[in-house]
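Me: Got a new structure to look through with you. Can we start with its pockets?

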Amino acid sequence: MRIPRIFSPEPLSDYAICELSDDAVNHVARVLRMNVGDALVLFDGSNRTFPATIREIGKKRVQVALGQGQQDDRESPLFLHLGQVISRGERMEFTIQKSVELGVSVITPLWSERCGVKLDEQRMAKKLQQWQKIAIAACEQCGRNRVPEVRPLMKLEQWCAEGSGELKLNLHPRAKCGIAGLKNVNATGIRLLIGAEGGLSAQEIAMTEQNGFRSVLLGPRVLRTETAALTAITALQVCFGDLG
């Protein structure tokens, strides 16, 4: 049986006694129905993992004893910053979950002209918390020991104008160059823009070009926004990262 992996928002130390977070308590005690003496693996985002044994368990509290931490680096050599215009329903959650599994480093949700999602400040704050939890759960599942940051919502123009030494890419169905044509580019970091379900407007495309973005093509078919994001991340990891 696979030993469950649990994220700790607090730094961990060798051979320490610690208590799990509220979210982890719910998962361990209520979902997995684990017991005293059962084994866990904890990680805190430092690229170390800690074997752990449950000492005490209750409905609202789980205490564990840690063993010696071990370095366990599963990160891609490619730093990939995904700028994703918010999509409707569960599509955004799906994109975040799968992009974390594929090795994305940072995710920034974006507003654009054709973004069909309307959220007030309070609902957006809740969404951001939920999206970060999805990123954590994806790391627990896939074995990553660093949790990608889900940044606060930004306007498309602000994100595109941020100073960055990364290669900037924008998917465009009429671009002349595909991702395979970037193989000779020496890229240690990439900033990838994925537009709304209705695409970017002509003005927004011009704005990305003014900010140094290169338009790239994925293929002859038009992909949904969530499909485009995951396809592009996979292709970039094959070219510059650790998939192959």
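Me: Which elements each supply at least two residues of the lining of the second largest pocket?
Reply: Those are β1 (5-7), α1 (22-31) and α3 (121-142). Six residues, the largest share of that lining, come from α3. This is a predicted model, where local features need pLDDT of at least 70, side-chain atom pairs count only at pLDDT 80 or more, and totals for chains, interfaces and linings use all residues. Residues are numbered from 1 along each chain as its sequence is written, and side-chain values use heavy atoms, with hydrogens and water left out.

Me: Which residues lie nearest the centre of that second largest pocket?
Reply: Asp23, Ala24, Lys133, Ile136 and Glu140, out of 14 lining residues.

Me: And what's the volume of the second largest pocket?
Reply: About 360 Å³.

Me: OK, new topic. Which residues have the most contacts inside the largest nonpolar core?
Reply: Leu80, Trp131, Leu169, Ile190, Leu192, Leu193 and Leu236, in a core of 50 residues. A core here is a set of buried (under 20% relative accessible area, 1.4 Å probe, protein chains only) Ala, Val, Leu, Ile, Met, Phe, Trp, Tyr and Cys residues joined through side-chain atoms within 4.5 Å. The largest share, eight residues, comes from α3.

Me: What does Leu236 touch, leaving aside neighbours within four places in sequence?
Reply: Leu236 is in contact (heavy atoms within 4.5 Å) with Leu78, Leu80, Leu169, Ile179, Ile190, Leu192 and Gly241.

Me: How many residues are in the second, separate core?
Reply: There are 17, including Ile6, Val25, Ala29 and Ile54.

Conventions:
On a 1 Å grid over the protein atoms alone, a cavity is a set of points where a 1.4 Å probe fits but cannot get out, and a pocket is an open set with protein on both sides within 12 Å along at least five of seven lines; lining residues have an atom within 4 Å of a point. Grid points are joined across faces, edges and corners, and a volume is the space filled by probe spheres set on the points. Helices (H or I, at least four residues) and strands (E, at least two) are DSSP runs, numbered from the N terminus.
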